[in-house]
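Subject: A structure for you to look through

Hi there,

Here is the structure I promised to pass on to you. Please open it beside this email, and then read on for what turned up in it.

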Amino acid sequence: MSKSSNYTKFTLGNTITKEQVDFFNEYGFIHFKGALTTPEVKELISGYEEAQDKLIKSKSKMVKGIPVIFGHDENGKRIVQRFPYTSHYSDKIKKLVGDSRIQLMKSLLKEKSRRVSDSERDGVVFNHYVNSKYSRFKQMGWHTDSIREVFYGKKIWPMLNIGIYFDDSGEMNGGLRILPSTHKQGLFGMLFTKMYYRNTKEDKDEVLVVAKAGDIVVHHGHIWHRVGHSEHLDSVSRRRVMYIPVLSGPRQRRKVDETKTKTPIYHHLQAFAKFAE
């Protein structure tokens, strides 16, 4: 696969085809064009904005022990830039979790314990990147999603992140960068290939994901990826993506009582690395 964004993109049907499974198994990610309609995208953005208003009014800084990243948009409005457990604040987003198109993505994992879950890890996470003066979420350095299990002293089980795109995304607004096939690496590769979050540099083998609003891009939790820094400012740099996890292995639901739920060590690492700077 070349460094450019010239990779195979698929159309989502009623099943995940063998061709699609083979592509995912080889490269560790798969891109479905136009999986959601424009009205659906608008409805989900509305759900996020309603959830955002609810969270800001509550003055909560965490959701189930997971830190929330707040910032300001190009107009100086206070916004939520990384929102964990979003589906717990929005019925519109909650409904999408159970949608047949989302549930279909389980087919990309072979484990019998596979499941779409919005009550484990960080739940459904809504990321709102924007390059503005008061933004705290402009890029994200190299990382894998599965490494957190090491900090919890747990076995690393295969997982997926289903990315739902609410804006056109590419180099103009940073864009997702993936190192294809690195999901096949062992634990040593996951630990030491790159410095987590601190390393934001371009890699000669990375592939830029160019997506449209309504696209779905699924990536394996073991794969190395980052989000670039937009060279543009304000609304042009906006990139909104929501991630729904597909997990396997034992269930690990977060406690409901937030007053007794401690922040996981993994998130202290993220704060130390200043990954949102």
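Predicted model: local features only at pLDDT ≥ 70, side-chain atom pairs only at ≥ 80, totals over all residues.

Before we start, one term: two residues are in contact when heavy atoms of theirs lie within 4.5 Å.

**The chain as a whole**

The chain has seven helices and 15 strands. Of its 277 residues, 56% count as buried. The accessible surface comes to about 13,000 Å², and carbon and sulfur atoms hold 52% of that. Among the contacts with a separation of 6 or more, 82% are between residues 24 or more positions apart.

**The nonpolar cores**

Isoleucine 216 turns up again here. The largest nonpolar core has 43 residues, and Ile216 is one of those with the most contacts inside it, along with Met105, Ile162, Ile164, Val218, Met242 and Ile244. Which elements each supply at least two residues of this core? They are H1, strand S2 (29-33), helix H2 (38-58), S6, helix H3 (91-97), strand S10 (160-165), strand S13 (216-220) and strand S15 (234-247). H2 gives the largest share, six residues. Apart from this core lies another, made of 24 residues, including Met140, Met190, Val209 and Val217.

**A sheet of four strands**

Next, look for an open sheet whose four strands come in the order S9-S14-S11-S12, with antiparallel pairing. Strand S9 (140-143) and strand S12 (207-209) are the edge strands, each pairing on one side only. From one strand to the next, the twist averages 20 degrees. As a reminder, strands of a sheet pair through backbone hydrogen bonds, either parallel or antiparallel. Inside this sheet, S11 and strand S14 (residues 225-227) pair in the antiparallel sense over three bridges.

**Two loop residues around S11**

Glycine 170 is in the loop between S10 and S11. Is glycine 170 buried or exposed? The cut-off for buried is under 20% relative accessible area. Glycine 170 has 10%, so it is buried. Setting aside residues up to four places away in sequence, glycine 170 touches Gly175, Leu208, Val209 and Val210. Glycine 170 and alanine 211 are 41 residues apart in sequence, while their C-alpha atoms are 6.6 Å apart in space.

Leucine 179 is in the loop between strand S11 (176-178) and helix H6 (187-192). Its relative accessibility is 7%, so leucine 179 counts as buried too. Beyond its neighbours within four places in sequence, leucine 179 is in contact with Trp142, Lys194, Asp203, Asp205, Glu206, Ile223 and Trp224. The C-alpha atoms of leucine 179 and phenylalanine 29 are separated by 9.6 Å, although the two residues are 150 residues apart along the chain.

**Salt bridges**

How many salt bridges does a search of the whole structure find? It finds 19. Here are some to look up:

- Aspartate 203 and lysine 194, both listed above as contacts of leucine 179, form a salt bridge with their closest N and O atoms 2.8 Å apart. Aspartate 203 is buried at 14% relative accessible area, and lysine 194 is buried at 15%.
- Lysine 18 and aspartate 22 meet through their side chains in a salt bridge of 2.7 Å, N to O. Both lie in helix H1 (residues 18-27), four residues apart, about one turn of the helix. Lysine 18 is exposed, with a relative accessible area of 63%, whereas aspartate 22 is partly exposed at 37%.
- Aspartate 122 and arginine 82 have a salt bridge of 2.9 Å, N to O. This pair links distant parts of the chain, 40 residues apart: aspartate 122 is in the loop between strand S7 (115-116) and strand S8 (125-131), and arginine 82 is in strand S6 (residues 78-83). Aspartate 122 and arginine 82 are both buried.
- Glu40, Asp99 and Arg101 are linked in a network of salt bridges.

Enjoy exploring!

Best wishes

Conventions
Residues numbered from 1 in each chain as written. Heavy atoms only, no water. Buried < 20%, exposed > 50% of the residue type's maximum accessible area, 1.4 Å probe, protein only. Salt bridge = Lys/Arg side-chain N within 4 Å of Asp/Glu carboxyl O. Areas by Shrake-Rupley, 256 points an atom, 1.4 Å probe, with all protein chains shown as cover. Core = buried A, V, L, I, M, F, W, Y, C linked by side-chain atoms within 4.5 Å. Pairing = 2+ DSSP bridges. Axes fitted to C-alpha atoms, helices over the stretch in contact; angles between N-to-C directions.
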